[in-house]
Amino acid sequence: MDDEWKPLLASERAGDSYTDRGVTDSLDPKSKRPFHVEPRNIVEEDAQERVSAEASVMNSRVHYYSRLTGSSDRLLVPPDHVIPAPEEIYVYSPLGTAYKVQGGEGSVKNPSIVTIFAIWNTMMGTAILSIPWSIKQAGFTCGVIILVTMGLLTLYCCYRVLKSPKAIQYADTSDWEFPDVCKYYFGTFGQWSSLVFSMVSLVGAMVVYWVLMSNFLFNSGKFIYNYVHNVSMTDDEFGTNGTERVICPFPNTDHKDNSSLSMYYVSDNGTGTSQFDRWWSKTNTVPFYLIILLLPLLNFRSASFFARFTFLGTISVIYLIFLVTLKAIRLGFHLEFHWFDSTKFFMPEFRLLFPQLTGVLTLAFFIHNCIITLMKSNKNQQNNVRDLSVAYLLVGLTYLYVGVMIFASFPSPPLPKDCIEPNFLDNFPSNDIMVFVARTFLLFQMTTVYPLLGYLVRVQMMGQIFGKHYPGFFHVFTLNVIIVGAGVLMAKFYPNIGSIIRYSGALCGLALVFVFPSLIHMMALHRTGTLRWPSALFHSFIILLGVANLVGQFLM
């Protein structure tokens with residue numbers, strides 16, 4: 001029996017890595033192909049199972065038999081005594097952890113409520129800060145209609161993504177993701193294009209994070225400095241008075257320049273603040289200070305430490321909802337309806353700038369590249385469509401609530417509605433304690449999420465180009481410098497998160513939200529002979545909407 005565990009190929013050691021994917025849910029036990037990765041952990045420091053020497057030898061034996069003959073020849077399949085018993089089957093992930101297959105399910109299943117809030121938490125991001133500005137750009141009534149319409153449209157496209165693997169009849173798609181489906185229908189072009197557009201969404205999010213972190217760090221530092229040096233601020237003529245102050249940082253501008261807010265400073269001890277302002281500027285210095293903190297974090301091999309703080313995203317959204325509610329109660333509602341003509345303080349209900357809202361919402365409702373993975377952990381697979389719909393409903397209601405409450409409670413008069421900023425927190429002065437708490441909390445949360453986004457970019461890009469997640473320090477460092485450089489440049493020269501979100505959302509959404517899901521569905525129906533002209537027209541119209549959404553961003 002001891003000879004049973006000797007490897008048949010001496011050249012394949014316990015530390016060798018393979019990229020072959022085994023299918024652990026096949027009905028034929030001889031078809032199981034466990035695979036092995038080197039026995040170190042990339043993400044989790046305390047994995048439940050480690051890659052054992054026994055499993056490594058077992059993997060070597062299976063690969064030995066699989067290389068003796070073609071996959072279609074059943075004469076030299078691994079004998080029964082080589083294949084482990086079903087209760088001993090393990091799934092080894094590329095991240096270095098090993099999980100025992102329990103009852104053939106392969107993973108722990110979550111109830112519907114957990115799946116719904118996992119989708120809600122994944123979709124809730126920085127776009128929520130730009131929803132009030134986006135509604136202002138479209139007009140209040142038009143904005144509400146578009147928000148509901150875009151939610152329904154992106155939900156349907158996400159449903160098509162979720163159903164796309166099941167339309168493939170002659171392949172095992174149990175472990176496929178949407179890029180695999182794109183590769184099946186469009187070949188290498190589909191695989192690489194899905195990767196590129198996925199990179200656009202990730203890098204766009206990292207750029208937005210850098211702009212926001214510069215903003216939050218600047219305002220938090222300003223609050224602390226003013227408090228320590230007993231500096232009080234009085235708003236200029238574009239701000240309101242009273243306990244709930246609201247400011248208009250850039251009146252009569254298109255908000256393309258988001259430089260430091262101009263205010264009058266009054267110090268009780270007569271000390272000036274010009275020296276502090278010189279070294280603490282939102283666009284000239286603070287974005288560069290962040291390099292010292294974040295660039296080293298991006299070069300970590302492991303993202304396990306930062307993954308522990310993902311729960312902060314949920315807390316941040318809950319606190320923002322609380323802050324918006326409290327501000328709306330204290331400020332009251334200020335609404336007048338002028339359908340097509342603007343006034344001094346109010347915008348028309350329908351504006352030609354509405355594509356800016358559709359671009360932002362494309363990214364705000366974007367989860368299409370990972371929805372298949374999220375739904376695999378749902379305990380009741382027959383409820384996937386229902387749970388996805390409920391999650392989108394909650395996301396839509398959250399965006400609608402924040403957007404409507406901020407827009408309606410913005411004090412007009414004395415301030416015009418056009419003063420609503422792409423980041424609505426900029427409409428509150430830096431000495432607002434509750435807003436300071438929100439900025440500080442969001443700054444810490446984004447500081448922990450930013451390295452995770454960089455890790456995802458590195459894994460996808462380096463894995464496709466070099467075949468490994470960490471090909472070397474020089475490669476990883478060069479990639480991180482490019483990403484950080486993009487964030488610094490945008491934070492200095494174009495720190496408008498609303499525009500950054502809408503451009504990246506419209507670009508990645510063109511392929512992953514509108515074009516690929518619709519084309520794949522029509523191709524699947526065509527192959528089965530069930531494609532009808534109403535369906536073809538409807539899905540072609542969706543594709544045209546995606547193209548118009550992207551083109552519209554450059555015309556506004």
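# Briefing on the predicted model

Cys419 is buried, at a relative accessible area of 3%. The structure described here is a predicted model. Its chain has 556 residues, of which 52% count as buried, and its secondary structure comes to 17 helices and four strands. Among contacts between residues at least 6 apart in sequence, 79% join residues at least 24 apart.

**The disulfide**

- The count of disulfides in the model comes to one.
- This disulfide joins Cys248 to Cys419, with a distance of 1.8 Å from S to S.
- The pair links distant parts of the chain, the two cysteines being 171 residues apart.
- Cys248 lies in the loop between strand E3 (231–234) and strand E4 (264–267), whereas Cys419 lies in the loop between helix H13 (384–409) and helix H14 (433–466).
- The torsion about the S-S bond of Cys248 and Cys419 is about -75 degrees, and the disulfide is therefore left-handed.
- Cys248 has a relative accessible area of 1%, which is under the 20% limit, so Cys248 counts as buried.
- Cys419, at 3%, falls under the 20% limit too and is therefore buried.

**Further cysteines**

- Cys142 has a relative accessibility of 10% and counts as buried.
- Cys508 is also buried, and its relative accessible area is 0%.

- The peptide bond from Ser412 to Pro413 is cis, and its omega is near -15 degrees.
- The peptide bond from Pro413 to Pro414 is likewise cis, with omega near 15 degrees.
- Pro413 is found in the loop between H13 and H14, and Pro414 lies in that loop as well.

**Helices H2 and H13**

- Helix H2 (residues 112–123) packs with H13 at an angle of about 40 degrees, and their axes are 9 Å apart.
- The crossing in which H2 passes H13 is right-handed.
- On the H2 side, the contact is made by Ser112, Ile116, Phe117, Ile119, Trp120 and Met123.
- On the H13 side, the contributing residues are Arg386, Asp387, Leu388, Val390, Ala391, Tyr392, Leu394, Val395, Thr398 and Tyr399.
- Sorted by class, the contact of H2 with H13 has 12 nonpolar, two polar and two charged residues.

- Helix H11 (residues 355–364) is mostly covered, with 10 of its 10 residues buried.
- The buried residues of H11 are Pro355, Gln356, Leu357, Thr358, Gly359, Val360, Leu361, Thr362, Leu363 and Ala364.
- H4 packs with H11 at an angle of about 35 degrees, and the axes of the two helices are 10 Å apart.
- H4 and H11 make a right-handed crossing.
- The residues of H4 in this contact are Gly143, Ile146, Leu147 and Met150, and those of H11 are Leu357, Thr358, Leu361 and Thr362.
- By class, the contact of H4 with H11 has five nonpolar and three polar residues, and no charged residues.

**Ile145 in helix H4**

- Ile145 has its place in helix H4 (residues 140–163).
- The relative accessible area of Ile145 is 47%, which lies between the limits of 20% and 50%, so Ile145 counts as partly exposed.
- Ile145 and Ile135 are 10 residues apart in sequence, and their C-alpha atoms are 9.9 Å apart in space.

**Gln137 in helix H3**

- Gln137 is found in helix H3 (residues 131–138).
- Gln137 is buried, with a relative accessible area of 8%.
- Leaving aside neighbours within four places in sequence, Gln137 is in contact with Arg351, Leu353, Phe354 and Gln356.
- One of these contact partners, Gln356, is listed among the buried residues of H11.

How values were computed. Residues numbered from 1 in each chain as written. Predicted model: local features only at pLDDT ≥ 70, side-chain atom pairs only at ≥ 80, totals over all residues. Heavy atoms only, no water. Disulfide = S-S within 2.5 Å. Buried < 20%, exposed > 50% of the residue type's maximum accessible area, 1.4 Å probe, protein only. Axes fitted to C-alpha atoms, helices over the stretch in contact; angles between N-to-C directions. Left-handed = near helix turned anticlockwise from the far one by under 90°. Contact = heavy atoms within 4.5 Å. Nonpolar A, V, L, I, M, F, W, Y, C, P; charged D, E, K, R; others polar.
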